[in-house]
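Please keep the sequence and the structure in view while reading.

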Amino acid sequence: MASNYDYEDAPAGYEDQRRQDLGYDPNFVPDSVKSFVVHLYRHIREKNVYEIHQMYENSFQTLSDRLFKDTPWPSVDAVAHYVDNDHVFCLLYREMWFRHLYARLSPTLQQRIDSWDNYCSLFQVVLHGVVNMQLPNQWLWDMVDEFVYQFQSFCQYRAKMKNKTEQEIVLLRQHDQAWNVYGVLNFLQALMEKSNIIQILEQEKEGLEQFTATDGYDYNGGSNVLKVLGYFSMVGLLRVHCLLGDYHTGLKCLLPIDITQQGVYTSVIGSHIATIYHYGFANLMLRRYVEAIREFNKILLYIYKTKQYHQKSPQYEQILKKNEQMYALLAICLSLCPQVKLVDDTVNSQLREKYGEKMSRMQRYDDEAFAIYDELFSYACPKFITPSTPSFEEPLVNYNQDAYRLQLKLFLYEVKQQQLLSGVRTFLKVYSTISLGKLASYMEVDEPTLRTILLTYKHKTHAVDSDGRIISNADVDFYIDDDMIHVVESKPVKRYGDYFLRQIVKLEGVINDMDRVKLE
């Protein structure tokens, strides 16, 4: 077991004291770190995925907390000779080194550029070299996730031009290709194409592949690295396109993955949550509210049932944050498209507890309601980016909020258009048939204006799905025949199965309680 290695159990006092005496020395390698890299290198060469996972998830975090809380790890040059100067291992070590730096410290511009160069080298090896190793899915997901995060972070950093020093501006001019949006998209696209993952997933449907059944691992002595990186790159592409505000292309990139089923993306909790969060957000922005509600409901129920198992995970705080953000997005979806029947009782109960009062105020569509929509959207949306190179001409200005302001403006414009529809929906719920003239008088508008409002209602409660089909989001629909409006209310499908399953669980609980009672 990795947790029994001496690099974790060794007394920390001497190493900690020496580090305090010397300050941070990138060339000083504590004995526990030597042991860590030697064992990790050995396990990677032996393809011992279980031990690699233990060391990556637990030992790396333990050593970081104990020795490198507010300093970087030793430099790659300092540890290279312990691992035979292995080029691929050194690239993997630097990838972890930079990830730790981003998580615990504030990287300099040069370090951001160096991290980009390291990812370029690592992905070039995977794409064009011979990579004969198996790595845990968690690590491979973290590579793609961190790659997109550092791209997002660089765009935000570069967009804050006001306080840049002359030296930083010179560096930005020199390295204008670092974290270039086309470079980022090209790497993710290349990993997806070179891995043949789309063909593999197609063949799996025909029973010719076992990719999902084996969680992407190769049990015949091969490597899982390219295939799984290609798979997670589809999620990475969805995320990048969401950050750019191109929701249609983002969803198109995710099409090969059937998110209604379990898959490799569900084998890593961070990947599962990121996939559904961005998928749901993209559908929300494309007015596919029903699809967004359905997927948010499933993932929130899953997190509710399983979050206690991730309390010791380094991702636990991120899980809780995304959980809260998705409740806010679900509140927005249900306010714009009141399809409460799609939401599980447990999720609905949690939602009402968190946002019940705000959701009732959001139905009024007054200034206070728009302020709440603004607040929830701003809290729950991704950190949008402007990927273009900045203007280096004086005066230098910050433009890091421009993309966010544009997306917020588009969203609130959509909400304002829904204002007219709330009145229509109220009347349609009351009547099964009503004449145009009567409804026009109730709404205090003339008939031509009412027809425009009804057409707007039809337009706003329908959307185009990924296959190009028109789908309805309406809980109340209608058709007009001879100036008479005929209302068609969608009746909720009763889910008897869920009810019986809950009763069975309750009954089993009662039987277990009875079994524990000792009869005299």
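Of the 520 residues in the protein, 52% are buried, and the model that shows this is a predicted one. The protein has 23 helices and 5 strands, and its C-alpha trace spans about 90 × 85 × 50 Å along the principal axes. Among the contacts with a separation of 6 or more, 73% are accounted for by residues 24 or more positions apart.

## Two helix contacts

Two packed helices are described by the angle between their axes and the distance between the axes. Helix α12, residues 225–244, and helix α13, residues 247–254, have axes that come within 8 Å and cross at roughly 175°. Because angles over 145 degrees count as roughly antiparallel, α12 is roughly antiparallel to α13. On the α12 side the contact is made by Met234, Val235, Leu237, Leu238, His241 and Cys242, and on the α13 side by Tyr247, Thr249, Gly250, Leu251, Cys253 and Leu254. Sorted by class, the contact of α12 with α13 has 9 nonpolar residues, 3 polar ones and no charged ones.

The pair formed by helix α21, residues 436–443, and helix α22, residues 447–460, has axes that come within 9 Å and cross at roughly 90°. Since angles of 65 to 115 degrees count as roughly perpendicular, α21 is roughly perpendicular to α22. Leu436, Gly437, Leu439, Ala440 and Met443 of α21 make this contact together with Glu447, Leu450, Arg451, Ile453 and Leu454 of α22. By class, the contact of α21 with α22 has 7 nonpolar residues, 1 polar residue and 2 charged residues.

Leaving aside residues up to four places away in sequence, Arg288 touches His248, Leu251, Asn283, Ala463, Val464, Asp465, Ser466, Ile471 and Asn473. Leu251, one of these residues, is also part of the contact that α13 makes with α12. As for Gln124, this residue and Arg288 are 164 residues apart in sequence and 38 Å apart in space, C-alpha to C-alpha.

## Pockets

The largest pocket has a volume of about 1400 Å³. Its lining is made by 39 residues, and those that lie nearest its centre are Asp145, Glu146, Tyr149, Gln315 and Gln318. At least two residues of this lining are supplied by each of α4 (49–67), α6 (87–104), α8 (137–159), α12, α14 and α16 (316–336). Which element gives the largest share of the lining of the largest pocket? The largest share comes from α8, with 9 residues.

The second largest pocket has a volume of about 350 Å³. There are 16 residues that line the second largest pocket, and the closest to its centre are Leu255, Tyr279, Glu291, Ser466 and Asp467. The elements that give two or more residues to the lining of the second largest pocket are α13 and α14. Ser466, listed here close to the centre of the second largest pocket, is also among the residues that Arg288 touches.

## Cavities

The structure holds 3 cavities of 30 Å³ or more. The largest cavity is lined by Phe154, Arg158, Leu172, His175, Asp176, Ala178, Thr389, Pro390 and Phe392. The second largest cavity is lined by Tyr289, Leu336, Cys337, Gln418, Arg425, Lys460, Thr461, Asn473 and Ala474. Asn473, one of the residues that line the second largest cavity, is likewise touched by Arg288.

The table sets out the volume and the lining classes of these spaces.

| Space | Volume | Lining residues by class |
|---|---|---|
| Largest pocket | about 1400 Å³ | 16 nonpolar, 11 polar, 12 charged residues |
| Second largest pocket | about 350 Å³ | 7 nonpolar, 3 polar, 6 charged residues |
| Largest cavity | about 60 Å³ | 5 nonpolar, 2 polar, 2 charged residues |
| Second largest cavity | about 50 Å³ | 4 nonpolar, 3 polar, 2 charged residues |

Note on methods. Residues numbered from 1 in each chain as written. Predicted model: local features only at pLDDT ≥ 70, side-chain atom pairs only at ≥ 80, totals over all residues. Heavy atoms only, no water. Axes fitted to C-alpha atoms, helices over the stretch in contact; angles between N-to-C directions. Helix = DSSP H or I, 4+ residues; strand = E, 2+ residues; numbered from the N terminus. Parallel < 35°, antiparallel > 145°, perpendicular 65-115°, else oblique. Contact = heavy atoms within 4.5 Å. Nonpolar A, V, L, I, M, F, W, Y, C, P; charged D, E, K, R; others polar. 1 Å grid on protein atoms, 1.4 Å probe; cavity = no way out; pocket = protein on both sides within 12 Å on 5 of 7 lines; lining within 4 Å. Points joined across faces, edges and corners; volume = space filled by probe spheres on them. Buried < 20%, exposed > 50% of the residue type's maximum accessible area, 1.4 Å probe, protein only.
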